Amino acid sequence: MQGAVAIVLAAGSGERLGKDRPKAFVELAGRPLLAYAAAAALRCPGISSIVVAAPPGGEDLAHAIVEPLGAHAVVTGGVTRRGSVRAALEAVPADVAAIVCHDAARPFATSELFARVLEALEGADGVVPVVAVSDTVKRVEAGLVLRAEPREGLALAQTPQAFLAPALREAHERAERDGAEVTDDAAALERAGFRVRTVPGEPGNFKITTADDLGRADVIASELARG
């Protein structure tokens with residue numbers, strides 16, 4: 001599928017990282033997280049441009065980071081994920097058939113993964129990459145284990161996630177109307193009754209949330225930079 005637009009969600013504050021800047025602007029091996037995510041999206045032949053949902057006040061910096069990489073637009077992100085996606089959708093041309101949503105906090109997603117989710121849209125409304133749950137899962141309440149949960153049928157969702165543009169727009173319109181917050185965009189489609197397919201994700205495509213995640217990612221990025 002050609003001509004898709006990628007929305008790169010970069011409006012998170014990143015307070016748990018303990019840094020003095022929004023998460024998307026924190027550097028790994030001298031490059032901001034946003035640069036890694038944007039570059040991977042724009043290397044995918046099926047993606048023609050990106051829309052960055054930047055943190056309020058960080059629009060100019062976001063533009064400076066992605067301007068050398070390729071065609072893009074920058075919008076002011078919202079307080080919630082739903083708000084950021086809705087703002088970004090306003091900048092996506094109405095005739096675009098497919099949209100890919102990706103978290104700037106996942107800097108190691110490959111362009112091949114972007115291509116994989118787009119290719120799998122044939123016959124589905126959305127596609128989410130997943131990885132298997134390898135650890136034992138416990139149901140916990142008030143610090144006590146209630147029981148172990150079976151892992152069969154469970155998977156961990158990643159981004160980038162690909163969607164037919166009309167389905168993504170409708171799902172977010174419904175979520176906004178219902179006041180429903182979602183942790184990823186596939187969940188918005190799921191609650192609206194759309195068909196969401198899975199494809200294999202990438203074990204290295206982890207999300208940077210904590211300072212430990214950042215330290216691990218910096219080691220990986222430094223190794224990649226050395227070639």
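Ala29 is placed in the loop between β2 (27-28) and β3 (31-32), where strands (E, at least two residues) and helices (H or I, at least four) are DSSP runs numbered from the N terminus. The structure is a predicted model, in which local features need pLDDT of at least 70 and side-chain atom pairs count only at pLDDT 80 or more, while totals for chains, interfaces and linings use all residues. Residues are numbered from 1 along each chain as its sequence is written, and side-chain values use heavy atoms, with hydrogens and water left out.

Ala29 has a positive phi of about 50° although it is not a glycine. With a relative accessible area of 36%, Ala29 is partly exposed; by the definition applied, buried means under 20% relative accessible area, exposed over 50%, and partly exposed in between (1.4 Å probe, protein chains only). A positive phi, near 55°, is also found in Ala142, a residue other than glycine. Ala142 belongs to the loop between β8 (137-141) and β9 (144-149), and its relative accessible area of 79% makes it exposed. A further backbone feature is the cis peptide bond that joins Thr159 and Pro160, with omega about 15°. Pro160 is situated in the loop between β10 (155-157) and β11 (161-164).

Two helix pairs were examined for packing. Helix α1 (residues 33-43) and helix α2 (residues 59-66) have axes that come within 9 Å and cross at roughly 50°. This angle makes α1 oblique to α2. Axes are lines fitted to C-alpha atoms, for helices over the stretch in contact, and angles run from 0 to 180 degrees between N-to-C directions; angles under 35 degrees count as roughly parallel, over 145 as roughly antiparallel, 65 to 115 as roughly perpendicular and the rest as oblique. The crossing of α1 past α2 is right-handed, a crossing being right-handed if the near helix is turned clockwise from the far one by less than a right angle, and left-handed if anticlockwise. On the α1 side, Leu34, Ala35 and Ala38 meet Ala62, Ile65 and Val66 of α2, contact meaning heavy atoms within 4.5 Å. The contact of α1 with α2 has six nonpolar, no polar and no charged residues. In this classification Ala, Val, Leu, Ile, Met, Phe, Trp, Tyr, Cys and Pro count as nonpolar, Asp, Glu, Lys and Arg as charged, and the others, Gly among them, as polar.

Helix α3 (residues 81-89) packs with helix α5 (residues 165-178) at an angle of about 135°, their axes being 11 Å apart. That angle makes α3 oblique to α5. The crossing of α3 past α5 is left-handed. Arg82, Val85, Arg86 and Leu89 of α3 form the contact with Leu168, Arg169, His172, Glu173, Ala175 and Glu176 of α5. The residues of this contact divide into four nonpolar, one polar and five charged.

Arg86 lies in helix α3 and Glu176 in helix α5, so the pair ties together parts that are 90 residues apart in sequence. Arg86 is partly exposed at 22% relative accessibility, and Glu176 is partly exposed at 41%. A salt bridge is defined as a side-chain nitrogen of Lys or Arg within 4 Å of a carboxyl oxygen of Asp or Glu, and by this rule the count comes to 10 salt bridges. Among them, Asp103 pairs with Arg106, with the closest N and O atoms 4.0 Å apart; both Asp103 and Arg106 are buried. Arg81, Asp103, Arg106 and Asp185 are linked in a salt-bridge network. Another salt bridge joins Glu149 to Arg147 at 3.2 Å between the closest N and O atoms, and Arg147 is partly exposed, with a relative accessible area of 45%.

Thr80, in the loop between β5 (72-76) and α3, is partly exposed at 30% relative accessibility. The C-alpha atoms of Thr80 and Glu181 are 7.7 Å apart in space, although the residues are 101 apart in sequence. Ala71, in the loop between α2 and β5, is partly exposed at 42% relative accessibility. Its C-alpha atom is separated by 6.6 Å from that of Ile50, 21 residues away along the chain. Apart from its neighbours within four places in sequence, Ala71 is in contact with Leu42, Ser48, Ser49 and Ile50.
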